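Here is a short report for a first look at this structure. Keep the view open while you read.

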Amino acid sequence: ACHLGLAQDLFEERLASILNEDNPIIKPYLPDEPGHPDLLAMDLDATLARFEAARRALVPRLRRLNAAEWQRPARHPEYAPYTIYVMFRHAALHDNLHLYRMEELLLAPSFSATSA
């Protein structure tokens with residue numbers, strides 16, 4: 001769940017870069033790189049509260065984008081093309097993938113409320 005909060009920050013940084021620069025280079029997200037936060041050491045409640053607030057602010061911002069802005073390009077070594085539209089389609093799929101995985105773990109017969 002804390003990973004979703006970190007990803008939210010990343011998507012917002014990328015959005016700003018794509019809107020403010022012409023065809024910026026996007027660095028891939030590599031969670032195993034040195035310096036990446038220890039997700040299990042993060043404060044879950046604080047991270048989720050920050051994620052929720054950031055997402056609530058992001059949605060109206062995205063709704064204000066015009067058609068040309070949705071298609072603004074960036075260079076991403078893993079995707080061609082890479083636009084704001086592609087990025088936020090990936091963000092939605094990314095969120096759902098992780099939410100599905102959390103539900104899958106919570107519903108597993110081996111999971112107990114005391115292990116949470």
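## A pair within helix α2

E52 and R56 sit four residues apart in helix α2, so about one helical turn separates them. They form a salt bridge in this predicted model. The closest N and O atoms are 2.9 Å apart.

How accessible are the two partners? E52 has 41% relative accessibility and therefore counts as partly exposed. R56 is exposed, because its relative accessible area of 60% lies over the 50% cut-off.

## Salt bridges across the chain

The count of salt bridges comes to five. One of them joins the side chains of R50 and D9, at 2.8 Å from N to O. R50 belongs to helix α2 (residues 44–63) and D9 to helix α1, so this pair ties together parts that are 41 residues apart in sequence. R50 is partly exposed at 38% relative accessibility. D9 is partly exposed too, with a relative accessible area of 27%.

R72 and D22 make another salt bridge through their side chains, at 3.4 Å from N to O. This pair links distant parts of the chain, 50 residues apart. R72 lies in the loop between α3 (67–70) and β1. D22 lies in the loop between α1 and α2.

## Helix α1 against helix α4

Helix α1 covers residues 2–20, and helix α4 covers residues 84–107. They pack with their axes 11 Å apart, at an angle of about 180°. That angle makes α1 roughly antiparallel to α4, because angles over 145 degrees count that way.

Which residues meet here? From α1 come H3, L4, A7, F11, R14, L15, I18 and L19. On the α4 side are I84, M87, F88, A91, H94, D95, H98, L99 and M102. The residues of this contact divide into 12 nonpolar, three polar and two charged.

## The β hairpin

Two strands come next. Strand β1 spans residues 73–76, and strand β2 spans residues 79–83. They pair in the antiparallel sense, over three bridges. Together they form a hairpin, with two residues between them. H76 stands opposite Y79 in β2.

How values were computed. Residues numbered from 1 in each chain as written. Predicted model: local features only at pLDDT ≥ 70, side-chain atom pairs only at ≥ 80, totals over all residues. Heavy atoms only, no water. Axes fitted to C-alpha atoms, helices over the stretch in contact; angles between N-to-C directions. Parallel < 35°, antiparallel > 145°, perpendicular 65-115°, else oblique. Contact = heavy atoms within 4.5 Å. Nonpolar A, V, L, I, M, F, W, Y, C, P; charged D, E, K, R; others polar. Pairing = 2+ DSSP bridges. Salt bridge = Lys/Arg side-chain N within 4 Å of Asp/Glu carboxyl O. Buried < 20%, exposed > 50% of the residue type's maximum accessible area, 1.4 Å probe, protein only.
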